[in-house]
Amino acid sequence: MTSPEFEHLNAAEARTRRTDVEDIYRGAYVEAIRSGAPFADPVAFMQRFDAYTAPDRPGEFELIMVSVSGRPVGQAWGWSLSKGTAWWGGLQLDDAQDLDDFTTEDGARTFALSELMVKNDMTGGGLARALHDRLLDNRNEERATLLVRPDNTRAYQTYLRWGWNRVGTLRPSWPDAPQFDALIRDLRR
């Protein structure tokens, strides 16, 4: 494999790469798409991408795309959660923490890692970890959060090895969204 090349893109730049974003999704979520689950449908996925990268959306969006031999094969993206974010809507915490305190955002407290994916034919070579680390290593927020399906054992176990911890469950407000486990990772050095 030739050396991977990483690109850092803001929301406007990411929107110019919609075709690559969708192609990577289709190559990484083959089984989920084949299952016919409405949430996994590429059209629904791209509608979410468009919403995340909308020019008027609050929070600093960042996408990192990795290419090998000039072919985009993976991506990770997220944004800082702003005051009044809908991200935490419906969160059920595992312990007796104060929900309001846990979910209070100011644009500098939490980074939401929304997507991390590598095309199936390129997995196992460390690209997912490289995307993950490049996206999080230079963040200024105190913590990061992500959502993972409890039945996605491979991803779930990987996140735990990478220092993430479950804090509860959450079903996003997107149509047909499944129930996810909410994970947190401390970003303070």
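Here is a short chat about a predicted model of a single chain.

Q: Hi! How many helices and strands does the chain have?
A: Hello! There are 7 helices and 8 strands in the chain. Keep in mind that this is a predicted model.

Q: Okay, and how do the strands line up in the sheet?
A: The 8 strands form an open sheet in the order β1-β2-β3-β5-β6-β8-β7-β4, and the pairing is mixed.

Q: Which ones are the edge strands, then?
A: Those are β1 and β4 (92–93), each of which pairs on one side only.

Q: What does β4 pair with?
A: β4 pairs with β7 in the antiparallel sense, over 2 bridges. If you want a spot to look at, find L93, which stands opposite G168 in β7.

Q: And how many bridges join β7 to β8?
A: Strand β7 (residues 165–170) is joined to β8 by 5 bridges, and the two run antiparallel. There, R166 stands opposite L183 in β8.

Q: What about β6 and β8, in which sense do they pair?
A: They pair in the antiparallel sense, over 6 bridges. To see one of the pairs, look at T145, whose bridge partner in β8 is I184.

Q: Is β8 buried or exposed?
A: 6 of the 7 residues of β8 are buried, so the strand is largely enclosed by the rest of the structure.

Q: Switching to helices: why is α6 described as largely enclosed?
A: Because 7 of the 10 residues of helix α6 (residues 127–136) are buried.

Q: Which residues of α6 are buried?
A: They are L127, A130, L131, H132, D133, L135 and L136.

Q: And what do they pack against?
A: Strands from the sheet! The buried residues of α6 pack against β1 (5–9), β2 (61–68), β3 (71–80), β5 (110–118), β6 (143–148) and β8 (180–186).

Q: Zooming out, what is the radius of gyration of the chain?
A: The chain has 16 Å, and a compact globule with 189 residues would have a radius of gyration near 16 Å, so the two agree. The C-alpha atoms fill a box of roughly 50 × 35 × 35 Å, taken along the principal axes.

Q: How much of the chain do buried residues make up?
A: Buried residues are 48% of the 189 residues.

Q: Last one: how far apart are the mean positions of the positive and negative charges?
A: They are 3 Å apart, for 23 positive and 29 negative charges.

Notes. Residues are numbered from 1 along each chain as its sequence is written. This is a predicted model: local features need pLDDT of at least 70, side-chain atom pairs count only at pLDDT 80 or more; totals for chains, interfaces and linings use all residues. Side-chain values use heavy atoms; hydrogens and water are left out. Buried means under 20% relative accessible area, exposed over 50%, partly exposed in between (1.4 Å probe, protein chains only). Helices (H or I, at least four residues) and strands (E, at least two) are DSSP runs, numbered from the N terminus. Contact means heavy atoms within 4.5 Å. The radius of gyration is taken over C-alpha atoms; the globule rule is 2.2 Å times the number of residues to the power 0.38. Lys and Arg count as positive and Asp and Glu as negative; His and the chain ends are not counted. The place of a charge is taken as NZ of Lys, CZ of Arg, CG of Asp or CD of Glu. Two strands pair if DSSP finds at least two bridges between them.
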